[in-house]
Amino acid sequence: MATTPTSSTSEPVTFQRDADVLVVTIDNPPVNALGVDVRRGLAAAIDAAEADGGVAAVLIVGAGRNFIAGADIREFGKTPQPPSLPEVCARIENCSKPVVAAIHGAALGGGLEIALSAHYRLAVASAKLGLPEVQLGLLPGSGGTQRAPRLIGVKPALELMLSGRHAGAKEALSLGLVDRLGEGTEALPQGLAYAKELVAAKAPVRRTRDAQGLADAEASRAALEAARADTAKKSRGLFSPMKIIEAVEAALTQPFDEGMALERKLFLQCIDSPQRAGLIHAFFAEREVLKAPETKAGKPRPLDAAGIVGGGTMGAGIAVAMLDAGMPVTMIERDEPSLARGRAHVEKVYDGLIQKGRMTAEAKAAVMARFSGSTSYDALAKVDIVVEAVFEEMGVKKAVFAELDRVCKPGAVLATNTSYLDIDEIAASISRPADVVGLHFFSPANIMKLLEIVVPAKVSADVVATGFELAKKLRKVPVRAGVCDGFIGNRILAVYRQAADHMMEDGASPYQIDKAVRDFGYPMGPFQVSDLAGGDIGWATRKRKAATRDPKARYVQVADRICERGWFGQKTQRGYYLYPEGARAGKEDPEVLAIIDAERQRAGITPRSFTDDEIMRRYMAAMINEGANVVHQRIALRPLDVDVTFLYGYGFPRHRGGPMKYADTVGLANVLADIREFAKQDPLFWKPSPLLVELVERGADFASLNQSE
């Protein structure tokens with residue numbers, strides 16, 4: 001049984017008369033979620049309105065910043081407490097007196113379904129309306145799939161439900177989701193005036209279930225079929241989008257009550273889907289990841305002005321991310337031509353937006369007015385944070401940090417964007433190691449959401465807290481990582497990429513491996529990713545590590561053979577794939593298959609065939625096992641930190657929740673059994689993680705380690 005959340009009154013729903021209008025206020029902080037007590041309060045309010053002869057209309061409003069931000073997802077999977085949300089919506093719609101919903105802030109999911117059940121809707125400028133259930137592997141389960149198409153038509157209703165996006169107040173009015181825009185920011189006085197106006201005009205009760213949005217049956221059917229074809233192409237095996245289309249089809253073909261019954265049946269199928277569990281895990285993990293020991297222990301330092309050292313692709317991307325967040329940025333490069341190139345990289349991003357009609361030349365000029373460049377480090381004297389994004393070589397990095405140590409003001413945060421190098425060594429080379437932190441951006445840095453915040457031994461808590469604050473400012477998802485070669489993401493990537501190389505040398509083609517990984521739900525396979533990133537980067541890393549590589553460890557040389565030919569992927573028009581005339585999508589290359597064959601012969605390997613299932617079992621076992629090592633060694637504090645890293649930095653399919661959540665789904669004992677089986681051929685590579693062994697012995701899962709510290 002859910003407890004009543006605290007609110008400004010003892011009850012989360014209160015109602016009182018204002019003349020002949022019953023004003024119903026939902027006050028269930030923080031977002032007015034539709035928990036059981038809110039549902040009961042709404043049902044009681046409608047009963048009170050029906051019973052009171054002096055009430056001529058009902059007004060529903062939200063207290064705080066939102067109307068209703070949706071169902072209480074903490075109740076999903078628990079025994080449902082009556083009344084259900086569909087029952088509450090029916091009670092509102094069937095009220096014999098006009099019901100008005102006055103919307104400010106979020107009216108999302110169940111919140112919009114409540115509003116759709118009202119007879120009239122008003123929105124003020126802050127309103128955000130949407131049915132985002134698809135993002136949690138669900139469908140609108142309280143009449144959204146039946147009422148929205150009847151109100152606004154199949155095409156716009158499906159577009160809202162399949163994208164999960166929010167519509168602002170003006171768009172909601174143009175779609176017909178609301179009847180009126182209120183002036184100002186306050187929903188209550190605007191809604192009250194509207195309700196009194198309706199009473200004075202003797203306006204009828206107007207039920208959405210009877211609306212005529214489906215009158216043009218031919219257009220409705222065409223919109224439905226177009227959405228079905230598009231979704232089949234784009235949804236990459238997702239379960240709920242097709243169920244949404246099936247439910248909306250019932251709005252076209254069946255009476256309202258039968259449509260509602262089918263919607264409920266399909267909603268329960270979604271609830272039972274493992275995809276729903278994966279998406280809900282992703283939703284909560286994304287919020288939990290913001291909690292780190294240092295964010296509790298330290299307060300962020302000021303972040304008013306930033307510096308970037310290095311104007312290459314990465315440095316320019318970071319500069320754009322900071323400019324977009326409203327920060328002034330000073331870029332340092334070694335000479336004027338390099339600085340001009342750095343500035344051109346930044347401008348190219350904005351020129352691309354202008355070409356696409358997503359930015360005006362005036363807006364670009366306003367942003368670029370906050371950008372300055374210099375060849376002298378002295379220009380960084382006043383910045384609050386500097387991010388170094390120069391060549392990945394320790395000597396070069398230390399030379400930059402010596403300059404930063406000399407010129408930056410006391411308390412400035414000195415960050416390195418290194419992908420692999422030891423940040424403790426960089427920090428130890430200057431007089432203020434407590435100010436040094438790793439901020440590992442992912443390319444393109446102005447687009448990719450992940451930001452690994454790497455915590456060296458000597459750093460102060462407030463510097464780490466500043467990293468998290470910067471992520472918030474840049475609208476990125478931060479993950480705390482410890483110092484090691486590759487941190488969380490690239491360290492794990494190196495291992496499952498090796499597993500892919502082993503399978504390629506053993507008989508699977510890179511094209512089969514990429515396809516199996518795409519079919520699993522990734523946007524791209526590992527060899528496509530290598531071509532996109534540039535094969536020369538991995539090649540440089542392998543050469544750097546050659547001297548320390550275990551001579552007993554298996555080493556596949558195919559990638560080196562490809563790089564020796566100068567084939568670095570898309571930028572050279574060939575890598576594992578061919579990219580004729582700079583094409584973005586690659587074609588299979590028979591010469592690459594010939595190189596692989598020659599390497600198999602050199603290594604004395606007789607190729608064998610792999611099924612797609614076998615490919616994914618090896619690929620995921622390698623990822624999960626190294627993920628367990630990363631948690632075991634406290635590089636990631638919790639399995640969910642690994643999950644969020646892979647969801648936001650590596651294209652892991654969101655509906656599977658991340659590699660550690662996926663491991664829990666298939667069963668850790670099954671993963672460990674696979675690893676022990678694979679170890680029979682290569683015991684050095686397939687060494688079970690001590691954490692994985694321990695969890696299986698205890699009958700525990702990764703989720704059990706996700707509690708906040």
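Which residue in S13 does Val309 stand opposite? In the predicted model described here, Val309 stands opposite Glu388 in S13. The two strands concerned are S10, formed by residues 306-309, and S13, formed by residues 385-388, which pair in the parallel sense over 4 bridges.

Strands S10 and S13 belong to an open sheet of 8 strands with mixed pairing, in which the order is S12-S11-S10-S13-S14-S15-S16-S17. From one strand to the next, the twist averages 25°. Helix H18, comprising residues 461-473, lies across several members of the sheet, namely S13, strand S14 (413-416), strand S15 (436-441), strand S16 (450-455) and S17. Relative to S16, helix H18 runs at about 175°.

A further set of pairings involves strand S2, which spans residues 21-26. Strand S2 is mostly covered, with 6 of its 6 residues buried. Val21, Val23 and Thr25 point one way from S2, whereas Leu22, Val24 and Ile26 point the other way, and all are buried.

Strand S2 pairs with strand S1 (residues 13-18) in the antiparallel sense, over 6 bridges. Within this pairing, Val21 in S2 is the bridge partner of Asp18. The two strands form a hairpin with 2 residues between them, and Ala19 in the turn adopts a positive phi of about 55°. Strand S2 is also joined by 6 bridges to strand S3 (residues 57-62), and S2 and S3 run parallel. Here the bridge partner of Val23 is Leu59 in S3.

A disulfide is a covalent bond between the sulfur atoms of two cysteines. A search of the whole structure finds 0 disulfides. Cys95 is accordingly in no disulfide, and the nearest cysteine sulfur, belonging to Cys89, is 14 Å away. Cys95 has a relative accessibility of 0% and therefore counts as buried, the cut-off for that class being under 20% relative accessible area. Cys563 is likewise buried, because its relative accessible area is 4%.

Note on methods. Residues are numbered from 1 along each chain as its sequence is written. This is a predicted model: local features need pLDDT of at least 70, side-chain atom pairs count only at pLDDT 80 or more; totals for chains, interfaces and linings use all residues. Side-chain values use heavy atoms; hydrogens and water are left out. Two strands pair if DSSP finds at least two bridges between them. Axes are lines fitted to C-alpha atoms, for helices over the stretch in contact, and angles run from 0 to 180 degrees between N-to-C directions. Contact means heavy atoms within 4.5 Å. Buried means under 20% relative accessible area, exposed over 50%, partly exposed in between (1.4 Å probe, protein chains only). A disulfide is a pair of cysteine sulfur atoms within 2.5 Å.
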